[in-house]
Each structure stands twice: as C-alpha cells, then as structure tokens.
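Please read it alongside the coordinates.

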Amino acid sequence: MKKKIKIALAGNPNSGKTTIFNNLTGSRQHVGNWPGVTVEKKDGTFTYEGIEMKVVDLPGIYSLASHSLDEKIARDFLIEEKPDVVVAIIDSSNLERNLYLAVQLLELGVNLILDLNMIDIIENKGIKIDIKELSRVMSIPVIKTAANKGKGIDNLKSAVKDIYDRREKNTFEIDYGNDLENEIRNLSRFLGEKKILSRYSLRWLVLKLLEQDENILAKIKGLPEEKEVEKKVFESIAKLEKHFGYDVETAIVERRYAFLRGLAKECCHKIMGIRERKEITDRIDQIVTNKFLGIPIFLGLMWLTFQLVFTFGAPLAALIDSFFGWLGGIVSLGMNVLAAPAWISSLLVDGIIGGVGSVLIFLPNILLLFLIISILEGSGYMARAAFIMDRVMHTMGLHGKSFIPMMLGFGCNIPGIMAARTLESEKDRILTILVNPLMSCSARLPIYTLFAGAFFAKHQGLVVFSLYFMGIVLAIVVARIFKSIFFKQEVAPLIMELPPYRLPQVKSVLIHMWEKGSLFLKKAGTIIFVGVIFIWLLASLPAGVEYASKESLIGKLGSLLAPLFSLAGFGTWQAAVSLLFGIVAKEIVVGTLGTLYGVEGMGLKNVILQQFTPLSAYAFMAMSLIYIPCIAAIATIKKETNWKWTALAVGYSLILGWVVAVLIYQIGSLFS
Amino acid sequence: MNFLSPSLEDYLETILMVSLQEKVVRVKDIVKLLNVKAASVIGAIKILNEKKLVNHEKYGYIELTTKGEMTAKKIYEKHQILFRLFHKVLGVDVQTAVKDACQIEHYISEETTKKITELVEYIETLSDKKKDLWLSDFGNFLREAALKKKNTQNKDGRNQVSSILTLNNLKIGQKAKIIKINPESKIKKQLLSMGVLPGVEVTVRKVAPLGDPIDIILKGYHLTLRKEEAVCIEVEVLE
C-alpha cells in the first residue's frame, strides 16, 4: 500500500497557519465543513520525496480546553483521527502564549513538530531564538519558517518526513510540583487499574479530570465507575484546593505557564546593538482606535467597502445580467427558427438561463466582498472594528463583529449573511444571520423608487429613508426577542486578541476570495436554481396558459392569497403574484407588476396610481422590505446554518411583514 | 469637689452592678469581680464613704447612697452606650468593645455622650434593610478612603502599599498584577488559556471610543475584553 502521511496544522489564531497551509498545498486544497457544524475544514495534499502527504488545517485555537466549538473540533480530530504528525505553528514574536498550545498538544501525546513561524519579524528586532535548546527541553524537532516569504517550507516538509520515519514516543512531561504530582500519580494508578477511557493518554486524562474539563467529565458520565471516579477526583481537588488556597485548574495552568516563561527566557537571546523600533502596531492603533478618530475612520472604511462591493460590483453584475439577457434572446430566436414548442423555449430562456443568471449575478459582489474582508482580516483591522463597535452591538444583543455583516446587508443580504462567518460564537452568528434580511438591500430599491416616486414624489427621500430606518429598528427588536427566546443567558463574552497589524498576503487573499466565491456558487447555486425552476413551473402550468397569467398556478395562488393582503390595502392578485415572484429576487417585483398590468415605464406608474393609495403603497413597500428574503438569501442562510433556522427566518419574516403592513394600513386608515 | 478617679468610678459602677443582681453587696463580691485585693477594696470604699457616695458599716454590707447611685448609673449608661456604638454599630468585637468602653467612660463629657446616644438610637431605629444600606455604604466609603490614602502614599514614594481592584477599574496607562480570577466565572477557562492568570502583569492600553471594551497588554500582546468581563479579574495596582 502506498504510504500517505496525515498531518494536522495547529496553532493560535493569527499565527500564520493558513499561510503555511497555502504554502504547503498550493492549489491542491479543498474547503468543506467539519462534520455536523459550519466551522470550515480545509485540507489539501502535497508530495515530498515521493511520499504523499495530506494536511488538515485545524481551527485557530489558544488551548485544548474545549470551551469553544473550535477547540472541541481540534481536539476531537487529534484524538479520534490520530494524525501521524501534528505541526504546532508558533508566532515567534509571542513565544510564551503560543507554546502553551504546543505543551497541551504534547500532553495529549501527539507526534509534534514545533514550527517557529514569522521568525523574520523577531530576528529583525534583534532577538535570536535558540532552537537547539528549545528542541532539547521539549524533546521535539523545532524548525523556523517565514511563511509569508515562503522561507523554511522545505525544512518543514523534511522534518515531517523525519519524525514520521523515526516514530519515537515523546516523553516530555511538565513537572507540576510535588503536591500536584502526588495526586496525579494517585489518580493515574486508580484510573490505570480500572482501564477507564484507555484510548487517552493516562496523564492527560488525569490532568483533564483535575481541570474539570467538561468534555471528559461528560465521557465519564454513564460509565459503571462514574461515582467512584468522581469521588476520587473530587477528593484530590478538595485536598489540593485546601493546600493552594485557590482552584486547581488555575494552579495547573499557572504551572504550565511558569514552565514556559522560564523556557522562553532561556531560549530568547537579545543581540545587543540593534535598536528596538517602536512597535508599528502601536503607532497605527494610536490613530485607528483613537478616541475621536476611531469611529470616523471605521465608518469611512465601511463606506469604502460598501462602495467597492456595490459600485464596482454593479457594472460587472450588469454585464452578467445583459449577457444572460442576450443569451436568452439568442436562444428564444433559435427556438423560433427551429419551431420548438413554446414551453421548451420558455423553460430554457425564463427557467434555466434566467435561473443560472440569477445565481451568477451575485458573483461579482461576493468576490469583491471577500476580497475586502480577507484584507481587513489579514491586516488585523477586523478585530479593531469589533473593538470599536462592540458597545453599540452589545446593547442590541449582538457582538462587535456583527456590525460588518449588518452593514453589508444594506448592499445585499447574501454577502451580509456570509460575512457573519467572522463571528466565532455560533449563537452570535445565527442571530446576526437571522436579522440580516431586515437590512434593506439594494434589490428593494427599485420597488421603493417606483412606489415612492408615484405617491410621495415630494418626500421620496424621506419615505425611502423611513423604510431603511424601519428595517434597522425591526432588526434590533427581533434580535432582542430571538436572543431572549433561543439564546437565554447566553451572553457571548468578548475576549479577543488584537493581533499586530500585518500586510495581507496577496496569495492568501486571492485563495480566500476564490474559496468563498466558488463555495457560494456550489452550495447556494443549486438551491437558487431549483427555486427559480420551481417558480417557473408555477407560472407555466397548467400547460398552455400564458406565462404568469391569472390562469397559471401562480396566478391562482395569487388570487387565493389576495384576500389576505386586502387587510393591508393591496388585495389584488397582481400584487400577490408580484410578491411571490419577489421571492426569486426582490427586484423582479417591479418587472412582474409591469408584465401583469401589461405596461412599462411611465405606464406602470399610472396603473399603480390607480391600483394603490398612498397608504397601501407604503404598506406594500413595508411588506417588500420585511417578507421572506429572496431565494438566494434563503439558500445562503441554509448553507450557513440549517433548515431549522432557515425555516424560522422565512417564517418570522413572512408573519412580521404581513403584520407590519396590516398595522400600517389599518392604523393609517383611522387617520384618513 | 466631686471628682472621682477612674478606679473609684469603676468601684462605684461595680457596686451598682452587683446591687442590681444581688440583694446585698459584700466586699468579697467586689474583690471577685474586679480581681483586686480586699485591702484595696476597703481603701476605696473608705474614700467613697467619705464622699457620701456609699454607706458602709465595718464588716457589713455596702450600700449606695442616692447620690452614689445616680453617679454610678451615669457612668454605667456611658459604658452601655459606648459599648453599643463600638460593638453593634461599628462592629468592634465584644472584648475590645467592653475594654474600650471601660476606659473611655471615665473621660467622656456629658454632651458628647448625649450626641452619641442620639446617633446610636437613630441607627438602631432604622429598618434592617436601611441599616445594611447605611453600613455597606459606610463600608464602601471606608474602603475607598483607605485606597485613596494608600495611593497618595504611593505617589509620595513614602510607603509602598498596593491596592487591590478589579481590572475594569484600572485607568488608561495603569499597570497591575493579576491576583485572582473569580473561579465561578464562566470565562475563566478562556482567560486562563490566553495567559490571563495570577501573577501576570497587565497594562491598560486603551478604552474603546464608546467607553467599552478595553484593550490591555499582557505577555506582549493586546487583548480586548468588555468591562463586564474584566470584573472577574482582581488586580493589584503597581503604578
């Protein structure tokens, strides 16, 4: 059988893990999700000296304590999948804290290589790290890389092969001091005899029990020896806590860090003569997170992002749109020439070409969005944005990082929903996604323009602004309600590193952008496509009817729904059908109304003036704002969460939209 | 003059106390209570007798005169109110409160005693809830005052006494050493794994433009956390 080495990359966030990963695998990588969760899983392959190696990029973590989903994933992978080699990526400029994870990996009993990444930064500061000493004390191979410059990658590859070939069992242990070691020995003997959870390294298991690690405690639950183990562990903890005067977990962490502090001190040598430069990060932060400038700079950057994504994206989107329009025209012409049945022509033109077009039209925006997001993240600004905006978002029941997704939602909800990925906490992420469609996206604008232009010509700006404002207020209210229903007592803490500013790597940025874009096409694309075809079927059946006429299924559905909307003042089948089409994409609403009334441009305005009153027009706009996000948004929500949350997003927005529209019309009627 | 030395006042007070409990007062009762020699008691009684505060037949019972009883009661009342102030209001322990009351009662003026009595009675009429509020407020005031005092001492460089606060109370630029992380806190694990642990030095670098969260430096990196989370970290101010 051909040899294949399984490698896992582990490291703190911002330690350059992804850059190493990209350097190792190049384009041979695959992005998916970890089983059962939406946390991204990246793996890839490369060959070194004829041996195929498979690399998995674990989520960026600070420890294996499993208090977060990322840590649990990393730990489960290391324990259950047993990779042959684990590479601990260390940010050399923060040796002590980065080594903390490495120590835990060693305690877990993995085959570890220490990779001192970003070594160039620290060496430029005139600090030399004695890797021989580090290697001796921790008894593992240590190598240096500067991944952003592509340096040291070959060393890493050969170190992986070396350690795999040698297959020595690592014997490194931290001395926790007499008191702890005594209890560790006692418990080890006890657990060893009972052979409890023997798939874990014994010492590690004991330490986790003393640390009261929830995951391990859960694994003990249900075992026949549960009570006995709990009692033993509890006795040890009580004894130690009495002795230390504080909790054992803190004591254990303290001793690990004490060891590392000593180690870091021993291994780092400052070469005299090189003057230390003032930290560039501090200088940037003096301006960027300044008390007075911080918020204006943030808003300015957001405005710029918005402009880039939507202004640059718009012509590209229009180009794609007109391409598919042109293609549709050609195809329908061709069909005419071939004298194909009308329904085939319609399926191809309205269904398939229209469907593919409606997916691809989002691509420019999404690529641009992720280009900017990965620059913001890679440079370290994203963490500052959360720092600046957390106060505002926290009062809304959200997280500082929720601001960017919400703001992007004004352009298009799809990138907004996808941008919620930057939130670490699952609850925050879901909440942000659920309320995102209430941010009035640019596709709703044509509806506002038509109706506000027809009925409120003098106060058009004010009316449109009021709708945007309504969306924000509703988002706050809905967020708070959902928070209190679904995520009670869950106040996600904000404990976040503000990483040093760095120049983002062009390669990493492009890879990131492409990953997200193609992921969107693959996952959301299928759902959008199916949805579009489904609507097409509704509009074309039963056979022989005019497309989307009153006699078609969608027309009948519209007539059925119309009475429901009469409470909101727009109880015509045309309005109902246009809203149904709006599910495909909100900008279609206007076009549909035009088709249904058989008019265009100014003619449509006149028809609208007859069919609606100012009040029912406003109610209709509110409904358009709130009800179901478009198919693309639904598909994206599904991709980012699960069917349960997607159903909730669709359900609440439908009900809320209807209720608000009815309230506006009914209360408004009282005054007129 | 009607001046009595503190020890004579003590004798007078003791006679009153015994007379309130027993039918008669004998020299040996006093000897036992005050833990003194019989000769001293007899000597003192003789002086009190001369001052017409007690009647005492040789080898007989000791009796307070009306004047003696009034004087003794006044001293005893002072003792009682001082004890209430020390023990019940200020929380001084019983032994110390009794000892101090015994000393001060001899020197304190009528006027001051009256004011103290009024204050103690006022506090004791407060409802329990109000009393707690009053006392905890007072306690906070004391702690703050103590802190301020220590901090000024620090600035003067005279006395290197440190002060203990929670992290959220640090000002920008202040440096502190972590003493303890509240073991009940939900974020303890996360903080520990990021190197936020006892003995580590932190400096508050910044407060976000809107007043929260804060940016701290520890172990050579920047960490941001909300003030509500910083509450669970106890620190000792270094500078």
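This is a predicted model: local features need pLDDT of at least 70, side-chain atom pairs count only at pLDDT 80 or more; totals for chains, interfaces and linings use all residues.

1. Residues are numbered from 1 along each chain as its sequence is written, chains are lettered from A and ligands numbered from 1 in the order in which they are written, and side-chain values use heavy atoms, with hydrogens and water left out.

2. At the interface, 42 residues of chain A are in contact with 34 residues of chain B, contact meaning heavy atoms within 4.5 Å. The area buried between the two chains is about 3,500 Å², and carbon and sulfur atoms give 59% of it; buried area here is the accessible area (1.4 Å probe) that two parts lose on being put together, summed over both.

3. Between chain A and chain B the count is 6 salt bridges, each defined as a side-chain nitrogen of Lys or Arg within 4 Å of a carboxyl oxygen of Asp or Glu. In one salt bridge, the side chains of D247(A) and K188(B) meet at 2.6 Å, N to O. On the chain A side that touches chain B, elements supplying at least two residues each include α3 (95–108), α11 (248–267), α13 (294–338) and β10 (495–498); helices (H or I, at least four residues) and strands (E, at least two) are DSSP runs, numbered from the N terminus.

4. Over all chains, a search of the whole structure finds 35 salt bridges. The side chains of E497(A) and R97(A) meet in a salt bridge at 3.1 Å, N to O, and this pair links distant parts of the chain, with E497(A) in strand β10 and R97(A) in helix α3, 400 residues apart. E497(A) counts as buried at 7% relative accessibility, and R97(A) counts as buried at 2%, where buried means under 20% relative accessible area, exposed over 50% and partly exposed in between (1.4 Å probe, protein chains only).

5. A salt bridge also joins E228(A) and K194(A), whose closest N and O atoms are 3.1 Å apart; E228(A) lies in helix α10 (residues 226–244) and K194(A) in helix α7 (residues 178–194), 34 residues apart. Both are partly exposed, E228(A) with a relative accessible area of 39% and K194(A) at 33% relative accessibility.

6. Within helix α19 (residues 426–435) of chain A, E426(A) and R429(A) are 3 residues apart, about one turn of the helix, and their side chains meet in a salt bridge (3.3 Å, N to O). E426(A) is partly exposed at 30% relative accessibility, whereas R429(A) is buried, with a relative accessible area of 4%.

7. The largest nonpolar core has 126 residues, of which I414(A), F451(A), M470(A) and F570(A) touch the most other members; such a core is a set of buried Ala, Val, Leu, Ile, Met, Phe, Trp, Tyr and Cys residues joined through side-chain atoms within 4.5 Å. Helix α21 (residues 460–486) of chain A gives the most to this core, with 10 residues. A second, separate core of 96 residues includes L58(A), I174(A), I184(A) and V200(B).

8. Chain B has 9 helices and 8 strands, and buried residues make up 38% of its 239 residues. Among the contacts in chain B with a separation of 6 or more, residues 24 or more positions apart account for 55%.
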